[in-house]
Amino acid sequence: MKQSAIEISGLRKSFGKQTVLSGVDLTVPAGTVFALLGPNGAGKTTLINIMSTLVSPDEGKVNVGGYDVLTERDQVKQNISLTGQFAAVDEVLSAEENLRMIGRLSGLTAAQSRLRTMELLKAFDLVDAAKKRVKTFSGGMRRRLDLAISLVVSRPVIFLDEPTTGLDTISRRALWDIISQLARQGRTIFLTTQYLEEADQLADQIAVINGGRIVASGSAEQLKARVGGEVIELLNAHDEVIHTVPTTGSIQDISRTLNDLAHSVPPGTRVNIRRPSMDDVFVALTANKKEVLHV
Ligand SMILES: Nc1ncnc2c1ncn2[C@@H]1O[C@H](COP(=O)(O)OP(=O)(O)OP(=O)(O)O)[C@@H](O)[C@H]1O
């Protein structure tokens with residue numbers, strides 16, 4: 001079994017009277033990609049902030065890279081890199097200058113910093129824009145630069161808070177490749193996302209957080225299997241999905257559901273039966289805060 005990069009047990013956090021995390025337990029094996037999914041305000045950023053020592057837990061144990069976030073803060077910081085939801089770059093400098101400055105501030109020599117800057121500009125498709133001031137960048141370019149900055153120094157555990165928000169499909173896929181490559185090199189990636197496809201494609205393990213608790217965890221396939229059997233989709237004449245109905249997957253349930261629907265749908269409605277998607281998983285798991293599933 002792989003060694004754990006992150007171990008959390010009984011974590012609780014409140015802000016004033018608002019309980020944001022009410023008993024979170026999770027384990028992330030080293031060298032894997034872990035995706036935390038949850039609706040707005042579910043506590044994803046708070047959890048990342050606690051793991052990266054920016055916010056203190058009220059209760060519970062949080063261990064990152066083998067170190068305790070409360071009693072071994074400095075060691076935790078030396079083992080992580082963090083990219084937040086908002087780009088933290090110096091606007092008057094160019095992309096290249098930003099990267100080189102961070103390299104030098106992080107203890108690289110001038111030559112090492114120049115080399116790492118070139119590698120990252122290439123990896124994030126910023127070579128052509130390298131000399132332009134960041135204030136002229138589009139949102140997607142800034143996002144890529146922010147991520148590149150967080151990877152200047154290689155750390156074992158990488159936190160990415162909504163890394164691909166604001167990126168177009170091509171940049172998003174390019175970033176997925178980079179993330180997978182980092183995991184293959186042994187790095188542990190903990191990311192939050194609202195894109196279910198992202199979790200599906202990228203993560204070895206997914207946890208869904210809702211109402212301050214992890215309501216489900218497992219691989220994408222395990223989660224889909226737990227949520228139910230086949231989903232019936234009704235399509236109109238333009239092939240648009242007008243209605244979806246989850247079923248248990250049994251022939252009896254599917255035929256009963258189709259029979260019921262046959263009386264109420266407009267003529268010309270067609271039917272498609274498919275496996276549950278991550279969207280179905282998310283809707284099912286975040287609809288009922290009390291449900292707890294562990295697979
Ligand atoms: N420092 C703080 N002081 C008071 N309340 C806070 C603080 N940080 C977060 N919260 C509250 O905690 C809740 C969870 O916020 P958090 O940012 O962790 O959610 P999230 O899952 O990351 O949401 P999003 O997807 O919108 O970024 C929110 O209601 C937020 O207002």
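Predicted model: local features only at pLDDT ≥ 70, side-chain atom pairs only at ≥ 80, totals over all residues.
Strand pairing is considered first. Strands of a sheet pair through backbone hydrogen bonds, either parallel or antiparallel. In this model, four strands make up an open sheet in the order S2-S1-S4-S5, and their pairing is antiparallel. Strand S2 (18-29) and strand S5 (67-68) lie at its edges, each pairing on one side only. Strand S1 (residues 4-15) runs antiparallel to S2 and is joined to it by nine bridges; Ser14 stands opposite Thr19 in S2. S1 also pairs in the antiparallel sense with strand S4 (residues 59-64), here over five bridges. Within that pairing, Ile8 has Val62 in S4 as its bridge partner. S4 is in turn joined to S5 by two bridges, the two strands running antiparallel, and Val64 is partnered by Tyr67 in S5. A hairpin is formed by S4 and S5, with two residues between them. In its turn, Gly65 adopts a positive phi of about 65 degrees.

A further open sheet contains three strands, with antiparallel pairing and the order S12-S11-S13. Strand S12 (241-246) and strand S13 (270-274) each have a single partner strand, so one side of each is left without a neighbour in the sheet. On average, neighbouring strands of this sheet are turned by 20 degrees against each other, direction ignored. Strand S11 (residues 231-235) and S12 run antiparallel and are joined by five bridges; the bridge partner of Leu234 in S12 is His243. Helix H9 (residues 251-262) packs on this sheet and touches S11, S12 and S13. The direction of H9 makes about 25 degrees with that of S11.

The helix contacts involve H3 with two partners. Two packed helices are described by the angle between their axes and the distance between the axes. For helix H3 (residues 95-105) and helix H5 (residues 139-150), the axes come within 9 Å and cross at roughly 20 degrees. H3 is therefore roughly parallel to H5, and their crossing is right-handed. On the H3 side, the contact is made by Ala95, Asn98, Leu99 and Ile102, which meet Leu145, Ala148 and Ile149 in H5. By class, this contact of H3 with H5 has six nonpolar residues, one polar residue and no charged residues.

The axes of H3 and helix H4 (residues 110-123) likewise come within 9 Å, crossing at roughly 135 degrees. This angle makes H3 oblique to H4, and the crossing of H3 with H4 is right-handed. Residues of H3 in this contact include Ala95, Glu96, Leu99 and Arg100, while those of H4 include Arg114, Arg116, Leu120 and Leu121. The contact of H3 with H4 divides into five nonpolar, four polar and five charged residues.

The ligand is surrounded by Phe15, Val20, Gly38, Asn40, Gly41, Ala42, Gly43, Lys44, Thr45 and Thr46. Helix H1 (residues 44-51) gives the most to this shell, with three residues. By class, the shell around the ligand has three nonpolar residues, six polar residues and one charged residue.

Terms used. Residues numbered from 1 in each chain as written. Axes fitted to C-alpha atoms, helices over the stretch in contact; angles between N-to-C directions. Parallel < 35°, antiparallel > 145°, perpendicular 65-115°, else oblique. Left-handed = near helix turned anticlockwise from the far one by under 90°. Contact = placed C-beta atoms within 7 Å. Nonpolar A, V, L, I, M, F, W, Y, C, P; charged D, E, K, R; others polar. Pairing = 2+ DSSP bridges. Near = placed C-beta within 6 Å.
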